[in-house]
Amino acid sequence: MKNNVIKRVVSAAIVGMMMTAPATVAPFVNTSLTVSAEKVLYTSPQNTRDVGWYNNYHHEIWQADTPNSSSMTLHDNDGGFSTTWKCGPNNSKGNFLARRGLFYDLNNPKTWKDYEGFTCDFDCSWSAGDSGNSRICIYGWSQNPLVEYYIIEDWKNWNPGMDPSSNYKGSVTIDGSEYKVYTSDRYSYTIEGNKNFTQYISVRQNTRTSGTISISEHFKAWESMGMKMGNFYEVAFNVEGWESDGQADVKCTIKEGKTTPTPTPTPEPDANGDFFTGTFESVYDNWEGRGDASVALDNKNYYSGNQSLFVSGRTSEWNGAAIPLSTSTFVPGSTYSFSTGVMQMSGSATEMKLTMQYKDSSGTTQYDQVASATASNGVWTKLENKAYTIPSGASDLILYVEAPDSLTDFYIDNAAGSKSGKASSVTTGGGTVYSSNPSPNPDPNTNTYPTNVWAESNSQYHQIRFTWDKVENAQNYGIAVYLAGRWRIQTQSISPYTTSYTTPKNLTPGKSYKVAVAAKVNGSWDVANAIKNAIVVTVR
């Protein structure tokens with residue numbers, strides 16, 4: 001629900017009338033990367049867009065909602081460009097993009113597979129201010145289905161995968177780094193006009209500003225995750241900014257045709273021997289709810305640090321907290337150490353399990369116990385297997401925590417996937433467990449969470465306004481949205497002097513959201529009660 005995704009006016013009809021070059025672009029390869037500026041383009045409040053061809057590359061510069069001007073200088077000897085944009089921090093809420101690449105137009109009968117591969121060699125020197133957000137990426141569209149896609153190599157402050165409406169699909173290792181993959185359903189301007197579409201997003205975890213991008217390897221990975229790519233419209237190197245100021249100089253060559261892929265090295269654990277850790281100090285660390293369970297950060301019960309992951313709303317014993325694992329990192333047939341701390345407060349002891357879900361070589365879903373322990377009430381308990389072998393031929397790995405004999409809520413902390421033999425830092429009986437000793441006569445009218453939460457949907461602007469009753473001694477209010485099995489924080493900085501919040505415009509009509517409103521009182525967020533009082537709203 002955060003309006004960080006840039007709104008672009010991309011009218012297919014206008015683009016079609018403005019094109020003077022042929023729709024089919026031959027591959028352009030130039031090994032020289034010396035910058036030679038030949039053509040300069042400008043945008044302003046009066047001239048917000050410039051699009052066309054130069055030296056066999058298609059380009060576009062676009063801005064909106066800013067009183068300032070921006071520029072794009074096209075390189076003569078490669079497919080690169082330099083650009084300067086000004087969209088903040090001047091309260092203009094401006095958007096900007098500059099991109100250059102290969103263009104195939106609307107209703108192209110070919111898919112990406114027909115071009116036998118795309119790669120991009122790039123070297124980008126860029127900077128952006130602290131306001132808003134910005135990114136450098138491969139960008140484009142395809143039709144049938146209508147898809148806007150991103151392969152993000154570097155970003156500042158925020159990326160589309162952090163949007164509350166994004167759906168985490170898994171991860172893949174390409175060009176020596178893990179990329180996390182997301183989809184997001186949208187309703188906005190597209191190459192086909194104003195309509196519904198889906199975004200496909202790969203976000204590089206080891207960000208970089210130069211190298212070779214194996215574009216088609218992302219397309220291949222997406223389709224293996226059920227993310228279909230249709231008729232191919234374009235592929236371009238893109239610089240974007242939202243409410244930000246910045247500059248970039250891009251040396252770039254996009255190649256069409258067969259290439260020899262760069263061998264992908266097997267990922268190595270970090271200096272501590274870990275492939276992943278979950279400490280939940282500020283983010284979910286890729287963990288999400290399984291089944292009907294929801295997850296949220298909790299700052300009252302934790303094993304170490306200041307927070308843990310709270311799992312609630314379980315309607316079946318197999319519901320719990322889960323994390324997808326990449327077979328590029330956790331190779332089938334190899335042995336690893338998996339562990340976590342877990343704590344439950346059902347009132348009695350119950351079994352807790354760490355389980356691996358996977359598909360075998362026949363495509364059948366299987367479930368394999370990784371670790372099990374009896375967890376006493378209110379006691380942090382270690383789940384650990386220092387030598388678990390992932391079954392040979394396994395795919396679609398999901399590691400999850402469950403309570404097979406109880407529907408109790410529970411907490412996890414210090415989760416890890418590590419090299420074989422590494423021991424967990426968790427010791428049963430350690431950690432912090434919150435205990436409440438209320439006064440004999442508590443004030444029944446004093447809450448630490450908002451009540452009477454209401455929502456009103458505006459059908460003209462497709463946005464929602466929330467209101468709630470004031471919480472005494474509140475320091476801030478926060479909004480969280482439940483999507484893709486987890487609670488995603490929208491904001492934690494709503495003033496204690498206001499009791500309302502209005503979303504950005506142009507949410508997807510007909511889509512429903514589960515929303516919780518929380519209050520920070522005496523330095524703590526009452527997450528559990530906020531979730532219990534969450535409401536479901538539908539965009540009109």
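**View 1. Contacts and surface of the whole protein chain.** In this predicted model, residues 24 or more positions apart account for 72% of the contacts in the protein chain that have a separation of 6 or more. The chain contains three helices and 35 strands, and of its 540 residues 53% count as buried. Its accessible surface comes to about 22,400 Å², and 44% of that area belongs to carbon and sulfur atoms.

View 2. Strand β30, which spans residues 474-483, is mostly covered, with eight of its ten residues buried. It pairs in the antiparallel sense with strand β33 (residues 512-521) over eight bridges, and within this pairing I479 stands opposite V517 of β33. β30 also pairs with strand β31 (residues 486-494), again in the antiparallel sense, over six bridges, and here L483 stands opposite R486 of β31.

**View 3. The open sheet β28-β29-β32.** Three strands in the order β28-β29-β32 form an open sheet with antiparallel pairing. Its edge strands are β28 (454-458) and β32 (500-502), each of which pairs on one side only. On average, and with direction ignored, neighbouring strands of this sheet are turned by 15 degrees against each other.

**View 4. Close-up of the β28 and β29 pairing.** Strands β28 and β29 (residues 463-467 for the latter) run antiparallel and are joined by five bridges, with S457 standing opposite I464 of β29.

Methods: Residues numbered from 1 in each chain as written. Predicted model: local features only at pLDDT ≥ 70, side-chain atom pairs only at ≥ 80, totals over all residues. Heavy atoms only, no water. Buried < 20%, exposed > 50% of the residue type's maximum accessible area, 1.4 Å probe, protein only. Helix = DSSP H or I, 4+ residues; strand = E, 2+ residues; numbered from the N terminus. Pairing = 2+ DSSP bridges. Contact = heavy atoms within 4.5 Å. Areas by Shrake-Rupley, 256 points an atom, 1.4 Å probe, with all protein chains shown as cover. Axes fitted to C-alpha atoms, helices over the stretch in contact; angles between N-to-C directions.
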